[in-house]
Amino acid sequence: MITVLIPAHNEAAGISQTLKSLKDQTFLPARVIVVADNCTDATERIALAEGAEVIATLGNTDKKAGALNFALSALLPGAAPEDMILIQDADSQLSPDFIERAVGHLQADSRLGAVGGVFRGAHGGGFVGHLQRNEYARYARDVKRLKGKCLVVTGTAALFRARTLRDVVAARLDGTLPPGNGRGGVYDTSVLTEDNELSFALLTLHYRIKSPADCTLVTEVMPTWRELWAQRLRWKRGAMENCVQYGWTRVTRPYWGRQALSVVGVLVTLAYFGTVAFALGTGAGLHIQPFWLAVTGVFVIERVVTVRLRGWKYMLAAATMYELVIDLFLQAVHAKAYADAALNNK
């Protein structure tokens with residue numbers, strides 16, 4: 001039996017399309033439940049009209065993680081161990097065979113704790129939306145090359161067994177995992193990135209996680225730079241705080257490595273622009289060196305090759321390096337996240 005949980009806070013604009021994508025599945029879920037979290041718009045009415053069940057949270061102040069804990073606390077006690085629970089965002093639409101393929105992956109490996117999806121960006125958002133679609137195409141390429149190996153099963157969509165989530169609950173209560181809300185909630189309500197933390201939890205319990213290339217979905221992109229800044233700042237700082245939360249373990253070592261590389265990237269960028277400013281400021285001028293020209297060529301090739309999933313038109317455009325704008329933007333986000341964490345800014 002498969003149950004779908006969709007946490008939703010004022011998702012009237014997209015919940016109908018999300019629910020229709022579930023009706024088009026080649027493997028239909030037994031139940032679809034929209035968890036309406038403090039909604040003040042038409043989310044509940046639209047969900048009911050589309051045939052979904054709706055449960056409303058009661059006094060939840062812990063946002064998405066709290067809403068999911070509320071629903072799972074009612075669902076898990078009555079579930080059979082091999083029942084499956086798909087948790088997906090309200091702004092994401094699954095490919096028609098997503099559930100069928102995800103179930104196949106989960107049934108093929110008893111130690112697979114979660115099957116996530118490989119997402120691409122939805123239309124819209126103008127130039128900033130276009131940049132995110134390129135970014136997601138590169139992510140999909142990386143996951144495909146690694147045969148589904150991923151660092152995080154994202155909240156866009158993930159399939160779990162009931163027994164796996166019960167193991168997480170038990171481990172939070174006996175101290176094997178961080179306590180979360182202290183009452184055995186599956187999701188840790190104290191963190192910014194609950195999906196990242198749950199991935200750490202599953203890996204700590206010796207489960208594997210996977211985002212197979214054949215489990216695809218479409219998710220919304222941030223329509224403005226301001227909203228993209230807020231989203232990425234939350235992701236970046238949340239991931240960093242999850243590393244601190246778990247410390248230096250066999251699970252977190254690769255994640256610490258990525259954090260270190262990000263820091264190096266920020267420092268290199270600062271050094272680059274600092275030296276350019278110094279050269280211009282002192283009148284020394286800029287001189288093209290063959291070595292650095294070759295290094296730049298490597299970066300150009302990387303930009304072109306990695307966006308291949310979007311086609312030749314996008315590959316040719318990438319050769320102009322116009323995407324440097326989002327690269328520098330994300331570097332600034334990283335720097336802000338590190339500064340906020342170091343200064344404990346809330």
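Q: In this predicted model, how far apart are the closest N and O atoms of the salt bridge between Lys64 and Asp89?
A: Let's start with a pair of side chains. Side chains of opposite charge can pair when their charged atoms come close. Lys64 and Asp89 form such a salt bridge, and their closest N and O atoms are separated by 2.7 Å.

Q: Is Asp89 buried or exposed?
A: A residue counts as buried when its relative accessible area is under 20%. Asp89 has a relative accessible area of 16%, so the label for Asp89 is buried.

Q: How many residues apart are Glu82 and Arg163?
A: Glu82 and Arg163 form a salt bridge, with 2.7 Å between the closest N and O atoms. Glu82 is in the loop between H3 and S4, while Arg163 is in helix H6 (residues 162-174). The pair therefore links distant parts of the chain, and Glu82 itself is partly exposed at 46% relative accessibility. The separation of Glu82 and Arg163 is 81 residues.

Q: Which helix holds both Glu241 and Arg237?
A: These two form a salt bridge with closest N and O atoms 2.6 Å apart. Glu241 is partly exposed at 30% relative accessible area, whereas Arg237 is buried at 8%. They are 4 residues apart, about one turn of the helix, and that helix is H8 (residues 225-246).

Q: What is the angle between the planes of Phe127 and Tyr322?
A: The structure has 9 aromatic pairs. In the pair of Phe127 and Tyr322, the centres are 6.2 Å apart. Planes under 30 degrees apart count as stacked and those over 60 as edge-to-face, with the rest called tilted. This pair is tilted, with an angle of 40°.

Q: How many residues apart are Phe127 and Tyr322 in the chain?
A: Phe127 is part of helix H5 (residues 126-145), and Tyr322 is in the loop between helix H11 (312-318) and helix H12 (324-343). Phe127 is partly exposed at 43% relative accessible area, and Tyr322 is also partly exposed, at 22%. The pair links distant parts of the chain, with a separation of 195 residues.

Q: Which ring has the charged end of Arg310 over it?
A: Rings can have charged neighbours too: Arg111 lies over the face of Tyr207, 4.1 Å from the ring centre. The charged end of Arg310 sits 4.0 Å from the centre of its ring, which belongs to Tyr314.

Q: Which residue in S2 is the bridge partner of Leu5?
A: Strands of a sheet pair through backbone hydrogen bonds, either parallel or antiparallel. Strand S1 (residues 2-8) and S2 run parallel and are joined by 6 bridges. The bridge partner of Leu5 in S2 is Ile33.

Q: What is the handedness of the crossover from S2 to S3?
A: S2 and strand S3 (residues 53-56) run parallel and are joined by 4 bridges. Between S2 and S3 the chain passes through helix H2 (residues 43-49), making a β-α-β crossover. The handedness of this crossover is right-handed.

Q: How many residues of strand S2 are buried?
A: S2 covers residues 31-36 and pairs with S1. S2 also pairs with S3. Strand S2 is mostly covered, and of its 6 residues the number buried is 5.

Definitions and conventions: Residues are numbered from 1 along each chain as its sequence is written. This is a predicted model: local features need pLDDT of at least 70, side-chain atom pairs count only at pLDDT 80 or more; totals for chains, interfaces and linings use all residues. Side-chain values use heavy atoms; hydrogens and water are left out. Rings of Phe, Tyr and Trp (its six-membered ring) pair if their centres lie within 6.5 Å; planes under 30 degrees apart count as stacked, over 60 as edge-to-face and the rest as tilted. Helices (H or I, at least four residues) and strands (E, at least two) are DSSP runs, numbered from the N terminus. Buried means under 20% relative accessible area, exposed over 50%, partly exposed in between (1.4 Å probe, protein chains only). A charge sits over a ring if NZ of Lys or CZ of Arg is within 6 Å of the ring centre and within 35 degrees of the ring normal. A salt bridge is a side-chain nitrogen of Lys or Arg within 4 Å of a carboxyl oxygen of Asp or Glu. Two strands pair if DSSP finds at least two bridges between them. A crossover is right-handed if, with the strands pointing away from the viewer, the path from the first strand over the helix to the second runs clockwise.
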